[in-house]
Structures are given as C-alpha cells and as structure tokens.
Amino acid sequence: MTDNKKLMYGNEAVARGAYEAGVSLVAGYPGTPSTEIVESATQYPEIEVRWSVNEKIAVETAVGVSKGGGRAMAVMKHVGLNVAADAFMNVSYTGVNGGLVIVSADDPGMHSSQNEQDNRWYALMAKITLLEPSDSQETKDFTQLAFEISEKYDVPVLLRLTTRICHSKGIVICEERNKIPAKKYEINISKYVNIPSNARQNRLKILERQQKLKELSNTIEINTRFPGKGKKGIITSGVSYQYVQEISEEMPILKLGMTYPIPDKLIKKFCQLFEQVTVVEELDGFLETQILALGCHNVEKKPESFTLGELNPHRVENLLKGKTEEITDYYPKPGKSPAMCSGCSYLGVFSVLKKMNLLVEGDIGCYTLGALPPMNALHSFLCMGAGMGMANGLSTQLPNQTKEKLVAVIGDSTFVHSGLPELVDMVYHGFEGLVIILDNRTTAMTGMQEHPGTGKNRKGEPLTTQLDLVEVAKALGATYVKKVLSSRLGVLERAFEKGLAHEGVAVVIAEEPCRHLEKGFDTVVSVNHKTCILCNECLNIGCSAISKENNAITISNPLCIGCQICTSICPSGALKLPIMIQKSRSE
Ligand code: SF4
Ligand code: SF4
C-alpha cells in the first residue's frame, strides 16, 4: 500500500475528509456510532475539535463558524439530531457562508440506541442536501463534496452514515489539506434574522435553491447508473449498495450518493428501462416513497419487515426474490445481556434503590443497565434528560404513598447535556422529590469523554473552572443538596431518605470515578464459606465477579477489583478483603 493509501474506518474517513476540505471546526456530542469521528479529528492540529455540551450547541457552534466564513462540521448520532433539530431546521432558512456539514450516524438494528429512526427524513423536512456514502473512500470524498455543495448552493448538507459505514474499514486515498481561505464575515440581517418578513423571503429562496439542487442531483456523478443484465433494475444507496454488489455484479443499478433532492429525471429514465424496479434501502422507504410519487409505477413497494433493522446480503436476496422474512432475519437473536462492569460504583447505588423499593425514572448512560436483572431498579428511560422531566410529570399522577418513593436518576454528563433546564423546571413547578445525579466524572458509556463537570478539557488537561454540581443544584433552586460517595451504601441510603422526606427539590450527588478512570484496586475479596449463610444478597447487586457455583458463592479473581460494595452488604461478614489492604485503606 502506498503512503497515501490508508485503511480507515468510515468514521476516520469523515475526519480525514474534513481535514482535507480545510475545515476549521469539528464539534459534536459523543454517541455510538459517531463518536470516533470527533476523536479522529483530534489528530489534525489545524482543526479545532470540541466536545460540545449537547448536539444543539454543536450545530449552533458550527453555524457560528460558518457565518464567520470558516468551514465547520457538527457530528452526532441519529437521536442527537432530535436535540439539535431546532438549530438544524432553521439554518436551512439562513443558509451558510463557510461550508456547513451536519453528520448524522444512524443505527439501523439499534446496536446501541433506543430507536432506529431514519434521519434522511430530516433532510426532506429541512429541505437541505443529503449525501449517503457507501464505503470509507466515498465517506471521505463525500465529506469534501458536501462542503463544496454547501458553499456553492448556500445550503447546509446532511451527511448521513449508518453503523456499518461508520465501523467498517476500507482503503482510502489521502490527499493534502486544501487551503481554503476563510470567507468574509458580513452582517446580513435579511439572511440571518428570520423574523417572519425575512423568513418568508428566505423560504422562497429555498424553493429556488431546491430547483438548482434537483438539477445538481440529476447530473452529479455520485448518482450513477451501472449497466447490467435482465429486466429488473435496482435503485440503491449507502451500505445497501454493497449488499447488492455482493449478491450479483450483473444487475443494472442506479446508485444514488445524493439522495435528497432525489434525481427525478435520472430515476424516471432508469425506471422506464425495466419491467420492474426494486429500491434497496435500509429502514424506511425514503427513496421508495419519493420515487413512487414521481409516478414510477413499476417500482415495487417493499414489505414492511424490510423497514426493520439492518439489511445484509441474505436479506437483500430475500427482498429481490420476493421472499418473506422471519423476525430473526432483521433483529439478531438476543445474546447475553449487557452488564455493568464488575465493581462499578453504580452497582451500590442500584442496590440501595432496590432495597428501598424506590420508583426510578432513569436516563441514558451506563446506569440504564440498572433496569436489568438482578437489579431491576430502573423503571423507565426515554431520551437524554427525560428521567427528570418524566418524574416531574409522573409525580402529579401518583397517590401520595407511591409519590414518596419517586426518584429521578441522571448521570453527570447527561445532567450537563440536558438536565439543567429540567431541574429549573422542577423547582419552578414545585416538584417535591429527589433527583440523584450519578457522577462518575466522565462520559463513560461512549468512551470517557470529558465534560464541563470533570474540570478538564477535551485533551484531559485541567481547567481553572469546573462546573460544581453542588453549587449548580443549589443555584438552580434545590433546597437539599448532598454529595456522597456512591460506594458508601449506608450513607447513600440515609441521604436518599432525607432527600425523599425533604419538602422541595432535593438533589443527591452520588460521586465516585468510573473504575476505568482509576488505576484499580490491587486486591480481591474472598468468601468465608463457613460464615456465608447463602442469603444471595451479594448476587443481587449484579456484580459480574460474583456467582454461585455448586451452591457456594464464588468470586472471580480476574474480575473483582476489590471495590468493597459486596462486603458492605454481606449480613454475615463472609466477604472480606485481605487484612493488609483493609488496613492501608483505613489509614
Ligand atoms: S469487591 Fe465485590 S462488588 Fe466489588 S468487584 Fe469485587 S466482588 Fe464485585
Ligand atoms: S451476601 Fe454474604 S452471606 Fe449472603 S450469600 Fe453473599 S457472601 Fe454469603
């Protein structure tokens, strides 16, 4: 492989594309499958890379850079675009100055997401350009192209990836960074201030822009026809193109790289050539719906099962042969359930929540796993920050004896992302109950990203300012605020009791660093089988280091990190750390 050829994940290729396109800023919020785009961008010192507090702020920051004349990219997973939707929809009206690209990484099959929404509809709603690459090379090339289109047509561009594109490797030819001079920043009130009179004018401009973009879509070389044999044609895009290719290289294909606006003339012409045309696309019939609306009646509407989950060559073959599917075709058989890491400080928190039989409105993070057995101690989650909002609403519907057991649980990063206004709203509307902030000093679930509450910048360097969650909670109106170590279960329980009994909004911050941030303890617990009464209390905390074999409690030495959560709940004192270690800890 020559020097300029590199094997890259799709996510790395996006970052490379941004680098070569002369991008000034990449801002994003971590979330699988897009996280590595931002992380990979950090290798290019020419780019300012930011983990924004949330996706809306990432888009707004990118809009600001674009307005100032630089090229900017905002990166998020698909549900992040819901958070950013307000800025996203409105920047379609203002247009851009420097190129503006928003990357949405969708997750068909829900490998690590709560839904599999198809974000291509966002492009249609916002009337902005949509590009869908089908391998790593295209991912890099389309990223660069997106900036060119953005500037030429005064339009933000949505680069839509899916998990397979993000996390698959392919050869990418790397080139030098383009030296793009920043455009001049100009105050332009009619463009950037969308009061209704300006917005109406800008709406008309969008119509004109759409016409030009349609023409582009009909002529751009990334919308290409590949000749083949037979009376059936295929229209496809993104990773689905790869699956079609795997089945047969002989089928006539119209491969679309620019999927909104669709190339209407090109599609009509293609459809006229065949008796039957199948649209092969993951998730919704986004292309199919638009193509049928063009009057291409030889296009077959796909059965609903093919709107579920990821496609693969086997499923595409089924689709093309008109075969029906079993549920296991589109969603994999459930395997071993995910679990919190052994010794995770959240284990102790959830064992207390369970012991107190509390009703827990949860949120998004590692702690969502508190819903799984043996804990079963988290009872709902919806989206970022929603646990607090749902508790706020649910409390109005519950009888007093249940209301007294209601708590909202939220992680530190999620609290900063979207919990702050939730707390303001709770205080404002007289919520009486407890919010538990699980502060593990990082954004653990997505790979240990810093946030304003950690007191470190993206590179892990200490900052002079740190968001103090205790002071923030007090400042926002919580009248009982207590910080406790999450592994001190007795203290935790008393703090929860006090918080629940408090009149007004109570906040308990259960703090202890994620175990992956620490060097680790140098010991394991041991079981005294003579004193163990086999009560199973230690099994109920859900630590994966603890199991029961041949009717005896067993501790896995490689997994145990000596956190002592189990020792503090064992009623018979059968679980013990070696004395030397206990001594050194108490010193
Ligand atoms: S000390 Fe107990 S809870 Fe902690 S990791 Fe070891 S077995 Fe698990
Ligand atoms: S908590 Fe203690 S007594 Fe109960 S099963 Fe575990 S080791 Fe035995």
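Helices are DSSP runs of H or I with at least four residues, numbered from the N terminus. In the predicted model described here, Ile195 is located in the loop that joins helix H8 (189-192) to helix H9 (196-219). Ile195 is classed as partly exposed because its relative accessibility is 45%, a value that falls between the limits of 20% for buried and 50% for exposed. Together with Tyr185, Ile187, Ile189 and Val193, Ile195 makes a nonpolar surface patch of about 520 Å².

When residues up to four places away in sequence are left out, the contacts of Ser52 are Ala27, Gly28, Tyr29, Ile57 and Ala58.

Helix H16 spans residues 386-394, and its buried residues are Ala386, Gly387, Met388, Ala391 and Asn392.

The surroundings of ligand 1 include four cysteines, Cys543, Cys560, Cys563 and Cys566. Ile541, Ile546, Ile561, Val525 and Ala545 also belong to this shell, as do Gly343, Gly562 and Gln564. By class, nine of the residues around ligand 1 are nonpolar and three are polar, while no charged residue is present in the shell.

Notes:
Residues numbered from 1 in each chain as written. Chains lettered and ligands numbered in written order. Predicted model: local features only at pLDDT ≥ 70, side-chain atom pairs only at ≥ 80, totals over all residues. Heavy atoms only, no water. Buried < 20%, exposed > 50% of the residue type's maximum accessible area, 1.4 Å probe, protein only. Helix = DSSP H or I, 4+ residues; strand = E, 2+ residues; numbered from the N terminus. Near = heavy atom within 4 Å. Nonpolar A, V, L, I, M, F, W, Y, C, P; charged D, E, K, R; others polar. Patch = residues over 30% accessible without salt bridge, like charges linked within 9 Å, V, L, I, M, F, W, Y side chains within 5 Å. Areas by Shrake-Rupley, 256 points an atom, 1.4 Å probe, with all protein chains shown as cover. Salt bridge = Lys/Arg side-chain N within 4 Å of Asp/Glu carboxyl O. Contact = heavy atoms within 4.5 Å.
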